[in-house]
Amino acid sequence: MAVDDTRFRALFGAHPAGVCVVTAVGGDGRPSGLTISAVCSVSRTPPLLLICVDNGSRTLDAIRHAGAFAVNFLAAGQERLADHFAGKGADKFAGVDWRPSEHALGAPLLPTAQVSAFAECRVRQEIAAGDHRVLLGEIEDAGVSGHAPLVYHRRDYVRLPVPARTG
């Protein structure tokens, strides 16, 4: 017997996940983006990550058009930004500061103050998976800000302390 939606949500609600905004530029030249927690490292050689995007997402269309995307790993304190990009608004970038990616064909990169890290990716593979698509991206460039990450756990945002570096 398959797990129902309630149990599925409870299962993954019990697993803390980083909060990211994935972005791309669509065929109309307009930026597109959405909030996701389904991001995972795949391979170091070549450097690959994966994202999971709903089949009906406008951002999926933009990623397919561009063949590239950026992953903005949100920093602690960016709950409003995460909620903004989780919405269904037509122009999610109105009033949002960003710069175009050099390595992901102009995909929006959010300011360093709002992210703990970013990755600029080219699509290497797309895999159908239920009501989502798994996209493998080869990381063309990346950066880390040093800010603590924004984490989602049990249907709420939580903050993790940034440990002091040793060694």
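Me: What makes the meeting of the Arg133 and Glu126 side chains a salt bridge?

Reply: Start with the rule. A salt bridge needs a side-chain nitrogen of Lys or Arg within 4 Å of a carboxyl oxygen of Asp or Glu. Arg133 and Glu126 meet at 3.8 Å, N to O. That value is within 4 Å, so the pair counts. Side chains of opposite charge can pair when their charged atoms come close.

Me: Where do these numbers come from?

Reply: The model is predicted: local features need pLDDT of at least 70, side-chain atom pairs count only at pLDDT 80 or more, and totals for chains, interfaces and linings use all residues. Residues are numbered from 1 along each chain as its sequence is written, and side-chain values use heavy atoms, with hydrogens and water left out.

Me: Why is Arg133 called partly exposed?

Reply: Its relative accessibility is 25%. Buried means under 20%, exposed means over 50%, and partly exposed lies in between (1.4 Å probe, protein chains only). Arg133 has 25%, so it counts as partly exposed. Glu126 has 31% and therefore gets that label too.

Me: Which residues are linked with Arg133 in a network of salt bridges?

Reply: Arg64 and Glu126 are linked with Arg133 in the network. Arg64 and Glu126 meet at 2.5 Å, N to O. This pair links distant parts of the chain, 62 residues apart. Arg64 is in helix H2 (residues 58-66), and Glu126 is in strand E9 (residues 115-129). Helices (H or I, at least four residues) and strands (E, at least two) are DSSP runs, numbered from the N terminus. Arg64 has a relative accessible area of 40%, so it is partly exposed.

Me: How many salt bridges are there by this rule?

Reply: The count comes to 5. One of them joins Asp5 and Arg9, at 3.0 Å, N to O. Both residues lie in helix H1, 4 residues apart, about one turn of the helix. Arg9 is partly exposed because its relative accessible area is 49%.

Me: Why is Ser101 called buried?

Reply: Ser101 has 6% relative accessibility, so it counts as buried. Ser101 lies in the loop between strand E7 (99-100) and strand E8 (108-109). Leaving aside neighbours within four places in sequence, it is in contact (heavy atoms within 4.5 Å) with Gly106, Ala107, Leu109 and Glu120.

Me: What makes the Ser101 and Glu120 side chains a polar contact?

Reply: The value is 2.2 Å. A polar contact is a pair of N or O atoms within 3.5 Å; within protein, one must be able to donate a hydrogen and the other to accept it, and residues adjacent in sequence count only if both atoms are side-chain atoms. The Ser101 and Glu120 side chains make such a contact.

Me: Why is Phe8 called partly exposed?

Reply: Phe8 has 45% relative accessibility, so it counts as partly exposed. Its place is in helix H1 (residues 5-13).

Me: How do you know that the radius of gyration of the protein chain agrees with a compact globule?

Reply: The radius is taken over C-alpha atoms, and the globule rule is 2.2 Å times the number of residues to the power 0.38. With 167 residues, the rule puts a compact globule near 15 Å; the protein chain has 16 Å, so it agrees. The C-alpha atoms fill a box of roughly 50 × 40 × 35 Å, taken along the principal axes. The chain has 3 helices and 12 strands, and 38% of its 167 residues count as buried.
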